[in-house]
Amino acid sequence: MRVGVLGGGQLARMLALAGHPLGLSLVVVDPSPEACAAPVSDHLCAGYDDVDALARLAVEAEVVTFEFENVALSTLEGLSARVPVRPAPIALVTARDRVVEKEMFAKLGIPAAPFAPVANTADLARAIEKCGVPAILKTRTEGYDGKGQVVIRDAALAESAWHALGRRPAIVEQMIPFAREVSVIAVRGLRGEIRFYPLVENTHRDGILRLSVCRTDDAMTQQAQSFAERLMVELGYVGVLALELFEVDGTLLANEFAPRVHNSGHWTIEGAATSQFENHLRAVAGLPLGATHAIAESAMVNLVGAIPRAEDVLAHDDCHLHLYGKSAREGRKLGHITVRAQNAAELRVKIDALRELPGASREI
């Protein structure tokens with residue numbers, strides 16, 4: 001079976017690697033001749049609005065999915081008329097616009113921080129009055145890894161902050177003092193079956209995820225899973241979905257969701273019975289879902305801006321190196337390390353041993 005993927009980055013690369021043992025091959029559309037997925041899949045080097053490339057994709061693939069949110073709705077709708085697209089375009093439409101996303105959370109009874117949309121200076125003033133300061137001003141679309149957002153600590157500086165974002169349609173969110181950041185990865189099959197991976201605790205720096213630690217017996221698990229299930233059922237979702245949340249005073253507030261495989265789920269490659277990548281392919285291809293339990297205490301260390309020597313990583317037992325084939329650049333995700341251990345204390349020792357490696361963050 002051939003699976004089409006819009007986007008040829010590291011997520012598509014790992015999807016392709018997960019698909020080969022199942023007899024699933026990938027064909028990816030990506031405008032970069034150096035797309036990460038190109039060495040392990042068929043690569044249509046073209047823009048996401050290239051009519052000829054999309055027509056070829058619809059012929060070659062039996063189902064199409066996507067690995068990032070910045071794909072035009074017209075592209076997905078055009079493909080949907082010729083080949084199944086999973087998850088359905090409504091999931092991307094909801095996730096890519098932060099206002100629409102927050103309205104969806106409110107509709108489903110999923111708590112989130114107070115927010116207000118911004119289209120003009122009057123909106124901005126009302127939003128700051130509603131949310132107070134400090135607050136975070138974000139573009140409604142296209143922001144990721146800390147891009148497209150500014151912290152406002154003084155109401156008088158709100159307009160200059162919006163100007164710095166190009167006065168684009170935006171959202172103001174109240175800045176919540178949270179205890180920790182967590183995420184839940186879930187997968188829903190073609191016939192509605194839902195499975196959840198254990199809750200993950202995340203550490204970010206400069207808006208980029210640095211460390212994800214699987215928490216197999218977390219008190220917040222049931223609440224997080226309930227929220228993710230509501231989203232998936234409402235959207236008629238098929239595939240893997242990640243919901244990012246803040247823990248505040250013993251409860252969870254939704255931050256955002258990603259309608260795709262997710263950075264905080266990379267630990268599942270070696271740490272779970274079935275990886276998020278394999279389960280996403282199983283779901284979109286209409287295959288039975290795989291088990292999602294953790295097989296050990298596990299974590300993922302992101303490699304950002306630099307790559308360590310392979311021998312320095314592999315010298316540690318139960319540490320697995322994944323490189324994406326990218327050239328080094330400051331702030332760029334170049335790979336990750338998955339770590340396994342027999343218990344939480346041993347896992348912490350192993351993470352601490354990795355923190356001095358190039359690309360890893362000392363703050364983890």
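# Close-up views of a predicted model

**View 1. Arg-191 in the loop between two strands.** Arg-191 is found in the loop that links strand E9 (180-188) with strand E10 (194-196); helices (H or I, at least four residues) and strands (E, at least two) are DSSP runs, numbered from the N terminus. The model is predicted, with local features requiring pLDDT of at least 70 and side-chain atom pairs counting only at pLDDT 80 or more, while totals for chains, interfaces and linings use all residues. Residues are numbered from 1 along each chain as its sequence is written, and side-chain values use heavy atoms, with hydrogens and water left out. Arg-191 counts as exposed because its relative accessibility is 66%; exposed means over 50% relative accessible area, buried under 20%, and partly exposed in between (1.4 Å probe, protein chains only). With residues up to four places away in sequence not counted, Arg-191 touches Gly-286 and Leu-287, contact being heavy atoms within 4.5 Å. The side chain of Arg-191 reaches the backbone oxygen of Gly-286 at 2.9 Å. The C-alpha atoms of Arg-191 and Ala-283 are separated by 9.0 Å, although these residues lie 92 residues apart along the chain.

**View 2. The parallel sheet E3-E2-E1-E4.** Four strands in the order E3-E2-E1-E4 form an open sheet with parallel pairing; two strands pair if DSSP finds at least two bridges between them. Strand E3 (42-45) and E4 are the edge strands, each pairing on one side only. On average, neighbouring strands of this sheet are turned by 25 degrees against each other, direction ignored; axes are lines fitted to C-alpha atoms, for helices over the stretch in contact, and angles run from 0 to 180 degrees between N-to-C directions. Five bridges join E1 and E2 in the parallel sense, and Arg-2 has Ser-25 in E2 as its bridge partner. Strand E2 (residues 25-30) pairs with E3 over four bridges, also in the parallel sense, and Val-28 stands opposite His-43 in E3. Five of the six residues of E2 are buried.

View 3. A right-handed β-α-β unit is made by E1, helix H1 (residues 10-19) and E2; right-handed means that, with the strands pointing away from the viewer, the path from the first strand over the helix to the second runs clockwise. Helix H2 (residues 51-60) lies across strand E1 (2-6), E2, E3 and E4, at about 150 degrees to E1.

**View 4. The buried residues of helix H4.** In helix H4 (residues 89-96), Pro-89, Ala-91, Leu-92, Thr-94 and Ala-95 are the buried residues. These buried residues pack against strand E4 (63-66), helix H3 (73-80), H5, helix H8 (221-235) and strand E14 (251-258).

View 5. An open sheet is formed by four strands in the order E5-E8-E6-E7, with antiparallel pairing. Strand E5 (115-118) and strand E7 (149-152) stand at the edges with a single partner strand each, so one side of each is left without a neighbour in the sheet. Neighbouring strands here are turned by 20 degrees against each other on average, direction ignored. Strand E6 (residues 135-139) and E7 run antiparallel and are joined by four bridges, with Leu-137 opposite Val-150 in E7. Helix H5 (residues 98-107) lies across E5, E6, E7 and strand E8 (170-174), at about 45 degrees to E8. Helix H6 (residues 121-131) also lies across E5, E6, E7 and E8, running at about 170 degrees to E5.

Terms used. A polar contact is a pair of N or O atoms within 3.5 Å; within protein, one must be able to donate a hydrogen and the other to accept it, and residues adjacent in sequence count only if both atoms are side-chain atoms.
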